[in-house]
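Visitor: I would like a close look at a single part of this model, please. Could you pick a place to start and then show me what surrounds it?

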Amino acid sequence: MLKCRDLVAEADLLLAGELSWQRRLAIRVHLLMCRHCRRFMRQFKLLLSAIPAMHKPASEAEVEQVMQHIQQQGGKPLDQRPRGE
Ligand SMILES: [Zn+2]
């Protein structure tokens, strides 16, 4: 019988469709019986759906602000530093 910790460990593989049908069936059966894991899966899916919004590319203004800060600190871009720095 699948345990809650097994489901948590394989949740990302389940959502990615990378589990065998036998494993998916075992997880589905566990989810039918375990409200804690149903809640976990709901929250996990919500978290995964929010990740793309957290990784939006920086705007030109944000990049400029960071570059100005680096220059004010006397720093150089990484590709202009000697090795080992
Ligand atoms: Zn469970």
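**A buried glutamate and its surroundings**

Guide: Let's start with Glu10, which is buried at a relative accessible area of 18%. Buried here means under 20% relative accessible area, exposed means over 50%, and partly exposed lies in between, using a 1.4 Å probe and protein chains only. Please keep in mind that this is a predicted model, where local features need pLDDT of at least 70 and side-chain atom pairs count only at pLDDT 80 or more, while totals for chains, interfaces and linings use all residues. Residues are numbered from 1 along each chain as its sequence is written, and side-chain values use heavy atoms, leaving out hydrogens and water.

Glu10 sits in helix H1; helices are DSSP runs (H or I, at least four residues), strands are E runs of at least two, and both are numbered from the N terminus. If we set aside neighbours within four places in sequence, Glu10 is in contact (heavy atoms within 4.5 Å) with Leu19, Arg23 and Ile27.

Cys34 is buried at 9% relative accessible area, and Cys37 is buried at 2%. Along with Cys4 (SG) and His30 (NE2), Cys34 (SG) and Cys37 (SG) are protein donors of the zinc ion, at 2.0 to 2.3 Å from it. Donors are N, O and S atoms within 2.8 Å of the metal (3.2 Å for Na, K and Ca), and sites may look incomplete because water is not among the atoms. The donor residues follow the spacing C-x25-H-x3-C-x2-C. The zinc site is tetrahedral, with angles of 100 to 114° among its four donor atoms; for four donors, that label asks for all angles between 85 and 135 degrees.

Stepping back, the protein has four helices and zero strands. Buried residues, Glu10 among them, make up 15% of its 85 residues.

Notes. Four donors count as tetrahedral if all angles lie between 85 and 135 degrees; four count as square planar and six as octahedral if opposite donors are over 155 degrees apart and all others between 65 and 115; anything else is irregular.
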